[in-house]
Amino acid sequence: MEQFEIRVPDEVLDDLNQRLGRTRLPDLPATPVGGEWSLGTSRSYLRDLIAHWRSDFDWRAVESRLNSYPHHRAWVDGVPIHFVHCRGKGPQPIPLILSHGWPSTFAEMLPLVDRLTEPDPRDPGSPTFDLVIPSLPGFAFSSPYTEIGPRRIHQLWAALMTELGYERFAAAGSDLGARVTSRLGWHFPERVIGIHLSSVDVEWPDPLPDDLSDDERAYVAGVERWEREEGGYAAIQATKPQTLAYGLADSPVGLAAWIVEKFRSWSDCAGDISSAFSFDELLTTITLYWATNTINSANRGYFQARHDPDPLRLAPGTRVETPTGIAMFPGETELQVPRSFAERCYNLVRWSDMPRGGHFPALEEPDLLAEDIRGFFAALVERATDDTQPRLS
């Protein structure tokens, strides 16, 4: 394990600026049905984003801010893992590993650091957390990652926490990170004191039970409809990711368009992406993918998941028994999981219907997310008996 500092070479940034200066935008129908975003990323929005990227976005300032956090790299079972490790204040911080999703990076989780390593200002006795924030394998600085085969990220995370000295720990995540977090709870119940999910991406019973309620059947139908209408990105990333990668790895504008459209579609922004994210927030994520050339290895996870010979399958009557908290953010309306469905899949001890926020809650609503995470794990520790009290160091 070694300390790590982010330092993108000047030649990478110079090349990026030159490519942005040679941008060739595609045509656009004069009157696209449903508005300019209906066909994908808005050309006018993307044009303004490119102009900001070239003239006003200061990567070195972003890099300095990112480096204000303690970064490390470790080789875990032969896989390079980058992570931020921030110690909590107070006598017994709860070790918590936070997993991001796609098309995100570790940087999305950083707004939670001060909120969770410090006590709640309204309750000085509230728990704090030792935060471990890794980059998923193949994302950003957890690279290069060229292995083919299933990604057992939960095993890597468990090994990483062992190396850091945490025998027992908590876990939280969203999107793909929610899947990783679920698998930690499933495979390591003796080590994981609880899991917190802030995503619509939950595990399903397989096969589906025959006694689904009307709400649950409507949810399943809504997911299937969403996959037909919005799931094109996942289909190509799960089938022919290499073909897509040539364009995304060669064109920063193509990369930006691929990512930005998801931030608009999946966030709680009512179609106005600028109301949820600044140009600088979006370009931080996009530039991390560009500078590390990791969009292909990140996307390839969808291919590996589809071809996983041993996926997590919840047989009828089984569920993830590790205590679970779910914060359901309303941004992705069609994918809202009914509580009864979640209870089939998890030992659900906390359910929070959040008032706002979407697919990227750590960036969209960090106060709400941090408060829910703290409340969930505080209650778990408080309820624990002497025999089950987790050792938090």
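Mentor: This is a predicted model. The protein chain averages a pLDDT of 94, and 97% of the residues score at least 70.

Trainee: Understood. How many helices and strands does the protein chain have?

Mentor: There are 15 helices and nine strands. The radius of gyration is 21 Å, close to the 21 Å that the globule rule gives for 393 residues, so the protein chain is as compact as a globular protein of that length.

Trainee: And what does the C-alpha trace span along its principal axes?

Mentor: The span is about 65 × 50 × 45 Å.

Trainee: What percentage of the residues count as buried?

Mentor: Of the 393 residues, 55% count as buried. The accessible surface of the protein chain comes to about 17300 Å², and 48% of this belongs to carbon and sulfur atoms.

Trainee: Let me turn to single residues. Where is Leu-49 placed, and is it buried or exposed?

Mentor: Leu-49 sits in helix 2, which covers residues 43–55. Its relative accessibility is 1%, and because buried means under 20%, Leu-49 counts as buried.

Trainee: What does Leu-49 touch, not counting residues up to four places away in sequence?

Mentor: Leu-49 touches Ala-256, Val-260, Phe-279, Leu-283 and Ile-286. As for Leu-282, its C-alpha is 9.1 Å from that of Leu-49, although the two residues are 233 apart in sequence.

Trainee: For the chain as a whole, what share of the contacts with a separation of 6 or more comes from residues 24 or more positions apart?

Mentor: Such residues account for 78% of those contacts.

Trainee: Now Asn-347, please. Which strand holds it?

Mentor: Asn-347 lies in strand 9, residues 346–353. With a relative accessibility of 19%, Asn-347 counts as buried, because the cut-off is under 20%.

Trainee: Which residues is Asn-347 in contact with, leaving aside neighbours within four places in sequence?

Mentor: Asn-347 is in contact with Arg-319, Val-320, Glu-321, Thr-322, Pro-323 and Thr-324.

Trainee: One last topic, charge. How many positive and negative side chains are there?

Mentor: The protein chain has 37 positive and 57 negative side chains. The centres of the two sets lie 3 Å apart.

Notes:
Residues are numbered from 1 along each chain as its sequence is written. This is a predicted model: local features need pLDDT of at least 70, side-chain atom pairs count only at pLDDT 80 or more; totals for chains, interfaces and linings use all residues. Side-chain values use heavy atoms; hydrogens and water are left out. pLDDT is the predictor's confidence in each residue, from 0 to 100. Helices (H or I, at least four residues) and strands (E, at least two) are DSSP runs, numbered from the N terminus. Buried means under 20% relative accessible area, exposed over 50%, partly exposed in between (1.4 Å probe, protein chains only). Contact means heavy atoms within 4.5 Å. The radius of gyration is taken over C-alpha atoms; the globule rule is 2.2 Å times the number of residues to the power 0.38. Accessible areas come from the Shrake-Rupley method with a 1.4 Å probe; for residues, only the protein chains shown count as cover. Lys and Arg count as positive and Asp and Glu as negative; His and the chain ends are not counted. The place of a charge is taken as NZ of Lys, CZ of Arg, CG of Asp or CD of Glu.
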